[in-house]
Amino acid sequence: MTLNVLPDRIDRPSAWIGQDMHRRPQEWLVELSPRDIADLEQAAKHYLNIGRDIGEITKADFPLVHFGTHLEALRDQLINGIGFEVLRGLPVQHYSQHMTAAIFCGVGAHLGSARSQNAAGHILGHVRDIGADAKDPNTRIYQTHDRQTFHTDSADAVGLMCLQDALEGGDSLLVSVEAIFNRMRVDCPDLLQLLFDPIATDRRGEVPEGMDPFMTIPPLSWCEGRLTVFYQRQYIDSAQRFADAMQLTPDHIRALDTFDALANDPVLHLPMRLQPGDMQFVYNHSQLHDRTGFTDRHDPALRRHLLRLWLSLPGDRTLPPSFAQRYGNLEVGNRGGIITDGTRLHAPLD
């Protein structure tokens with residue numbers, strides 16, 4: 001990628017500055033009305049009466065009287081707008097686990113199609129500390145209480161529903177990759193250009209048959225006039241254990257360190273604390289998300305617990321060919337996730 005192909009600046013709604021967005025919560029925080037909540041509840045009860053696995057839920061199975069109009073606008077907000085939104089006010093403390101999962105997966109079905117988050121075919125993930133060793137190169141970081149790093153997930157969008165927050169910490173952090181691009185384009189264009197190289201990313205043990213244990217998707221790609229990001233620094237670092245992976249030069253490391261430093265700049269990123277009942281949706285192709293380290297409560301029933309969805313969005317952008325290493329199929333509306341032969345999609349409730 002040569003610099004003369006790249007724009008001098010990206011001016012899109014998704015190129016937001018965290019400090020500014022903090023002062024404009026009306027652009028991303030939506031308080032659910034009693035009418036909205038009643039609509040979601042009746043749709044969930046309808047689906048639960050059908051008696052099928054929640055992993056099989058579709059838009060047609062989750063009929064919304066009026067809130068579906070907002071979810072159409074939310075999908076556009078993800079693809080063409082600022083790239084994220086939080087829905088607040090769902091009284092999850094009064095719901096069963098089945099009811100909560102049905103509402104969350106039903107909302108996801110109106111936005112797109114749910115994708116598997118692991119080789120077992122789980123479309124509903126559970127984000128919580130299970131005592132995994134963060135230093136193990138095959139550990140999924142969301143299963144620890146450690147600070148994550150700014151990253152993307154392997155789908156067009158990621159959704160989180162907060163069931164229980166932590167005693168301390170566990171705050172959500174978002175940052176616009178386009179805002180980082182704009183800063184690096186001015187301050188260090190030579191380093192920016194290196195982020196378009198095919199840098200290796202570790203698969204962390206989930207290797208499709210016939211594939212390498214790492215991917216060579218550039219952290220940044222320019223495709224059909226759009227900047228697209230694929231990034232997980234911890235997985236980039238652990239991929240260096242493979243002899244066949246492209247070895248990072250000192251300049252590559254400087255470029256990655258600069259990218260990380262800008263993501264962690266409090267001027268650029270937006271922190272938020274998700275409350276029980278919050279649903280957060282983030283667009284992976286233009287945004288990075290992160291989570292601070294946290295301390296849990298002693299009572300297992302009161303420990304931090306979030307549900308997660310990976311979604312493929314209809315009407316989305318074209319992805320660069322290199323993404324086939326992770327997504328397999330690049331068909332819009334039917335891509336992303338971790339699929340292996342014989343996997344049946346389902347939604348474990350615990």
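Predicted model: local features only at pLDDT ≥ 70, side-chain atom pairs only at ≥ 80, totals over all residues.
Let us start with helix H2, residues 34-50, and helix H4, residues 97-111, whose axes come within 9 Å and cross at roughly 105 degrees. Here an axis is a line fitted to C-alpha atoms over the stretch in contact, with angles running from 0 to 180 degrees between N-to-C directions. H2 and H4 are therefore roughly perpendicular to each other (65 to 115 degrees). From H2, the contact (heavy atoms within 4.5 Å) involves Leu40, Glu41, Ala44, Lys45 and Leu48, while H4 supplies His98, Met99, Ala102, Ile103 and Val107.

Residues are numbered from 1 along each chain as its sequence is written, and side-chain values use heavy atoms, leaving out hydrogens and water.

Turning to the whole chain, there are nine helices and 16 strands, taken as DSSP runs numbered from the N terminus (helices: H or I, at least four residues; strands: E, at least two). Of the 350 residues in the chain, 56% are buried, meaning under 20% relative accessible area with a 1.4 Å probe, protein chains only. Among contacts between residues at least 6 apart in sequence, 79% join residues at least 24 apart.

Finally, consider Leu306, which lies in strand S16, residues 305-312. Is Leu306 buried or exposed? Leu306 is buried, its relative accessible area being 2%. Leaving aside residues up to four places away in sequence, Leu306 touches several residues, including Gly125, His126, Val127, Leu160 and Leu274. The C-alpha atoms of Leu306 and Asp278 are separated by 9.6 Å.

Definitions and conventions: Buried < 20%, exposed > 50% of the residue type's maximum accessible area, 1.4 Å probe, protein only. Parallel < 35°, antiparallel > 145°, perpendicular 65-115°, else oblique.
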